[in-house]
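Please look over the sequence and the structure below. A short report follows.

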Amino acid sequence: MVHGKVPGMTEEKTQKDQQKSYLYAIISILLWSTVASAFKISLKYVDFMQLLLYSSGISTTVLFIILFIQKKSLYLFTYSKRDYLMSILLGFMNPFLYYTVLFKAYSLLPAQEAQPLNYTWPLMLVLLSIPLLKQKIEMKSIFAIITSFTGVVIIGTGGNILSMKFSNPFGVGLAVGSSVIWALFWIYNVKDKRDEAVKLFFNFLAGFVFTLILTVFYSKIIVPDIKGILAVIYVGLFEMGLTFVLWLKALKLSAKTDRISNLVYFSPFISLLFISFIVGEKILFSTIIGLVFIISGVIIQQYKKKQ
């Protein structure tokens, strides 16, 4: 006997999956929108190396628990030496190098400057794709890059573009540099076809070891007070660990990934609201204008890719 599909069942399931996808995506975006504020608060109690040490340790633990719940923990012992070496390399790039640079930038800059400057990574991805992936750059991409970097200059100079005097040149360089590291990580990570959750665990495990070595030699291991502990736990859970898994779940359930991916553009603007209300920074008009330029450049580039 051949069983036919129950009318409406497939459509109903697809609709429910899409609704779940939006829910996971919205939760992820709201959580990511709070992390710039969490970085600044955490850095009041620990230095940038200690913040990375504790938060990456928490993320590694959380990701292992998730793998255990998903019954993927056995995958950890099934890979080749080349796979493990790849994990060490990617773990050095992210979380170790990426967050070391990013947290240092946050320690030097107001959160409203560091957060949008870090958001230039999609444009860095385009530039790095030229030498690494042998892709040709088009006029629309050039326009997108110029648009976004105009936003970088607006934010970095506090709106005084003609002066070209950055509030903190080193901090601005680090914030933009972190986007270069993230773009490099993305290029090499996408070539690794292993399970995403397993890759994340190995990356954070390797990154934790690198951070431990750096902290021992250049900082010190301390136990922060209760406020500091809560702050680094929050960063470890909602910037690095759990939120990535929720986002991957949203992408997996969505019928079309662009329905979800486009929601990310709301995150930096929501983040400014949290920075204002939680951190207490007065959001400059130049920050908003600069962020609009950066996001506009990213959207122009994404539109080009979609076409």
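## Phenylalanine 39 and the core

Beyond its neighbours within four places in sequence, phenylalanine 39 is in contact (heavy atoms within 4.5 Å) with Leu51, Tyr99, Leu102, Phe103, Tyr106, Val235 and Glu239. Phe39 also belongs to the largest nonpolar core, which has 76 residues. Along with Tyr99, Phe103, Tyr106 and Leu117, Phe39 touches the most other members of that core. A nonpolar core here is a set of buried Ala, Val, Leu, Ile, Met, Phe, Trp, Tyr and Cys residues joined through side-chain atoms within 4.5 Å.

## Basis of the values

The model is predicted: local features need pLDDT of at least 70 and side-chain atom pairs count only at pLDDT 80 or more, while totals for chains, interfaces and linings use all residues. Residues are numbered from 1 along each chain as its sequence is written, and side-chain values use heavy atoms, with hydrogens and water left out.

## Overall build

The protein has twelve helices and zero strands, taken as DSSP runs numbered from the N terminus (helices: H or I, at least four residues; strands: E, at least two). The radius of gyration, taken over C-alpha atoms, is 20 Å, close to the 19 Å from the globule rule for 307 residues, so the protein is as compact as a globular protein of that length. That rule is 2.2 Å times the number of residues to the power 0.38.

Along the principal axes, the C-alpha atoms fill a box of roughly 80 × 50 × 40 Å. Among contacts with a separation of 6 or more, 84% are between residues 24 or more positions apart. Of the 307 residues, 48% count as buried (buried is under 20% relative accessible area, exposed over 50%, partly exposed in between; 1.4 Å probe, protein chains only).

## Leucine 253

Leucine 253 is found in helix H9. Its relative accessibility is 19%, so leucine 253 counts as buried. Not counting residues up to four places away in sequence, leucine 253 touches Asp17, Gln18, Lys20, Ser21 and Tyr24. Lysine 20 is 233 residues away along the chain, yet the C-alpha atoms of leucine 253 and lysine 20 are separated by 7.2 Å.

## Isoleucine 221

Is isoleucine 221 buried or exposed? Isoleucine 221 is exposed, because its relative accessible area is 52%. Isoleucine 221 lies in the loop between helix H8 (196–218) and helix H9 (226–253).
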